[in-house]
Number of protein chains: 2
Amino acid sequence: MRYEDLADLPCSITRPLVILGDRWTLLILKASFTGVRRFNAFQSTLGISRSRLQDRLGRLVEHGILTRRQADDGDHVEYRLTRKGHDIYPILMAIRDWGDAYMAPDGPPAHYRHRDCAGEAHVQLACDACGTGVTARDITPEPGPGMLTHLRPPGSGRSGRQPD
Amino acid sequence: MRYEDLADLPCSITRPLVILGDRWTLLILKASFTGVRRFNAFQSTLGISRSRLQDRLGRLVEHGILTRRQADDGDHVEYRLTRKGHDIYPILMAIRDWGDAYMAPDGPPAHYRHRDCAGEAHVQLACDACGTGVTARDITPEPGPGMLTHLRPPGSGRSGRQPD
DNA sequence: CGGGCCGGTCTCGTTTTGGAACCGCGCGGG
DNA sequence: CCCGCGCGGTTCCAAAACGAGACCGGCCCG
């Protein structure tokens with residue numbers, strides 16, 4: 001099995017990870033959220049090699065996570081988050097919460113404050129129905145519609161998989 | 001700058017990513033959450049090469065995310081999540097929410113249900129103070145204690161950085 | 001015309017990865 | 001006792017990914 005084939009598995013954790021799961025991609029997106037838009041700015045703030053950066057930006061554009069366009073005011077190129085890209089923010093905030101908890105011995109390097117009230121923003125995993133916070137132990141995965149169509153793809157007899 | 005040196009930056013997103021941000025590590029942890037504990041089980045469910053798996057499991061144990069021990073009942077080895085590892089779950093759920101939204105054209109492959117009430121669990125980014133849900137646009141990062149000690153490490157005059 | 005900045009490409013040496021063979025151990029059966 | 005097997009783990013090599021830096025054409029400005 002080639003690595004990219006993991007993207008075919010019926011799992012909404014695996015599929016994004018095939019795109020986002022490498023050394024640089026999430027760091028590039030983090031930079032995007034802090035306002036970085038230009039090729040050279042990404043390169044100097046991250047320390048990534050130019051060829052790698054070019055490759056990663058291209059993939060993100062392919063996947064509709066960033067857009068590449070000429071800036072309004074000038075002639076340079078801008079890479080900006082799409083809505084799909086914007087929605088990656090909770091992933092970064094979940095990573096931050098974990099980083100603050102376990103890799104910040106001197107306290108959090110940054111507070112991420114709600115602009116309106118100066119409170120701090122955190123991710124929480126909660127049940128839609130009862131509203132209470134939950135952890136991994138409170139959750140049972142069970143097959144959903146995307147699993148069923150994967151088990152019997154229309155007009156085919158392929159084998160399927162269990163939900164991960 | 002070598003890649004590992006990114007772990008020295010005062011940023012709670014960058015630091016975890018140096019550990020978790022590669023092709024396999026989060027996939028290994030995802031398998032852990034589904035109950036996979038044994039070397040061969042990881043290898044066959046993920047399709048990772050044995051040498052790579054050995055390396056990644058070793059790193060996760062080093063970082064206190066997994067523990068390696070002999071199973072109670074038998075003679076085989078078990079890799080189990082520590083509390084630190086357990087707390088990675090929200091990261092995986094944030095990835096899943098994004099995957100369900102943008103990479104599951106046939107609907108979610110799996111429902112992650114609250115065991116007690118059968119509701120579905122989702123991550124949300126909310127303000128601790130006012131409780132309202134927020135997005136990237138509502139948030140302003142500002143320096144925290146970990147940034148200040150990084151700017152002036154005790155007994156040194158190193159230069160520091162802005163919060164990312 | 002000359003220099004600088006821009007995004008982008010090319011080349012080359014290094015690092016990381018995948019695949020598969022190999023190893024030692026403990027166990028269980030013949 | 002010996003043989004085979006499944007286990008976690010290691011070693012080796014070829015292939016892929018990567019980093020560093022030179023290089024390129026386009027554009028603007030002086």
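Q: In β3(B), which residue is the bridge partner of Thr140(A)?
A: This is a predicted model, in which local features need pLDDT of at least 70, side-chain atom pairs count only at pLDDT 80 or more, and totals for chains, interfaces and linings use all residues. Residues are numbered from 1 along each chain as its sequence is written, with chains lettered from A and ligands numbered from 1 in the order in which they are written. Strand β5 (residues 139-143) of chain A and β3(B) run antiparallel and are joined by 5 bridges; strands (E, at least two residues) and helices (H or I, at least four) are DSSP runs numbered from the N terminus, and two strands pair if DSSP finds at least two bridges between them. The partner of Thr140(A) in β3(B) is Arg113(B).

Q: Is α6(A) roughly parallel or roughly antiparallel to α6(B)?
A: The axes of the two helices, both residues 89-102, come within 8 Å and cross at roughly 180°. Axes are lines fitted to C-alpha atoms, for helices over the stretch in contact, and angles run from 0 to 180 degrees between N-to-C directions. Under 35 degrees counts as roughly parallel, over 145 as roughly antiparallel, 65 to 115 as roughly perpendicular and the rest as oblique. Therefore α6(A) is, relative to α6(B), roughly antiparallel.

Q: Which element gives the most to the side of chain B that touches chain A?
A: In all, 80 residues of chain B are in contact with 80 residues of chain A (C-beta atoms, placed from the backbone, within 7 Å). Elements that each supply at least two residues to this side include α1 (14-20), α2 (25-33) and α6 of chain B. With 14 residues, the one that gives the most is α6(B).

Key: Contact = placed C-beta atoms within 7 Å.
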